[in-house]
Amino acid sequence: MGKVWCGIVLVFSKLGLSSNTVHLKFSEFAKYCGYPSRRFDKNLRRQIGESLERIQSQSLTFRRKGADKAVHTGMLLKASYDGDEDRVELMADESLRDLYRLDYQVLVSMKVLSKLPRAEVAQCLYLYLLALPENPIPVSFTRLRERLRLESCIKEANRKIKTGLKKLESIGFLSGSFMTKNGEQYYCIDKRFKKLCNTSDASPFMND
């Protein structure tokens, strides 16, 4: 069910910007869910159909403490698929757009972290830089050392930070430049590509 929910979030983030209802081919939806094309068969249709049924049955209630009112809705208002027509229809509650956006950002973050195996410094730098406000001032290496709590000497810690930043540039998350002022090293952020500018994968769980 997890893969199908990821597929739903990705579909609405890309195709549901102007409407709360989307129609697409089963093969497209399966790709969004991260399934390889060799699995696009009747059994997968059945599996995805069962997952859609379970997701659609998940109810949500919004109730303010002490208030005599509530809103009841579902993670998905409607889900249908037609194997003969090779078609999937999904309908979401527009009031849950923030939930979909939040889950989408989580998926993007998971995708970035998956591209940084055994690169703990780069992973920590990514999570820190992602949270910075728009147009941040140059970030000092002193600030980054304190944030990452690196126990090595300053020279070695700076080397690890620089390597981590270059790794983030190489996967398409970051563009910027290094500078030195009054003996202190800084990183000047030009852009952060939260969707990764050098990848076209439809799903964070698709194989590279």
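How many bridges join β6 to strand β8? Two bridges do, and the strands run antiparallel. This is a predicted model: local features need pLDDT of at least 70, side-chain atom pairs count only at pLDDT 80 or more, and totals for chains, interfaces and linings use all residues. Residues are numbered from 1 along each chain as its sequence is written, and side-chain values use heavy atoms, with hydrogens and water left out.

**Sheet and helix**
- Three strands make an open, antiparallel sheet in the order β6-β8-β7. Strands are DSSP E runs of at least two residues, helices H or I runs of at least four, numbered from the N terminus. Strands pair if DSSP finds at least two bridges between them.
- β6 (139–140) and β7 (174–181) each have a single partner strand, so one side of each lacks a neighbour in the sheet.
- V139 stands opposite Y187 in β8.
- Helix α7 (residues 154–170) lies across β7 and β8, at about 150° to β7. Axes are lines fitted to C-alpha atoms, for helices over the stretch in contact, with angles from 0 to 180 degrees between N-to-C directions. Contact means heavy atoms within 4.5 Å.

**Salt bridges**
- The structure holds four salt bridges (a Lys or Arg side-chain nitrogen within 4 Å of an Asp or Glu carboxyl oxygen).
- Among them, R45 pairs with D86, with the closest N and O atoms 3.4 Å apart. R45 sits in helix α3 (residues 42–56) and D86 in the β4–β5 loop, so the pair ties together parts 41 residues apart in sequence.
- E89 and K78 meet at 3.6 Å, N to O. E89 is in strand β5 and K78 in strand β4, eleven residues apart.

**Accessibility**
- E89 is buried at 11% relative accessible area, while K78 is partly exposed at 36%. Buried means under 20%, exposed over 50%, partly exposed in between (1.4 Å probe, protein chains only).
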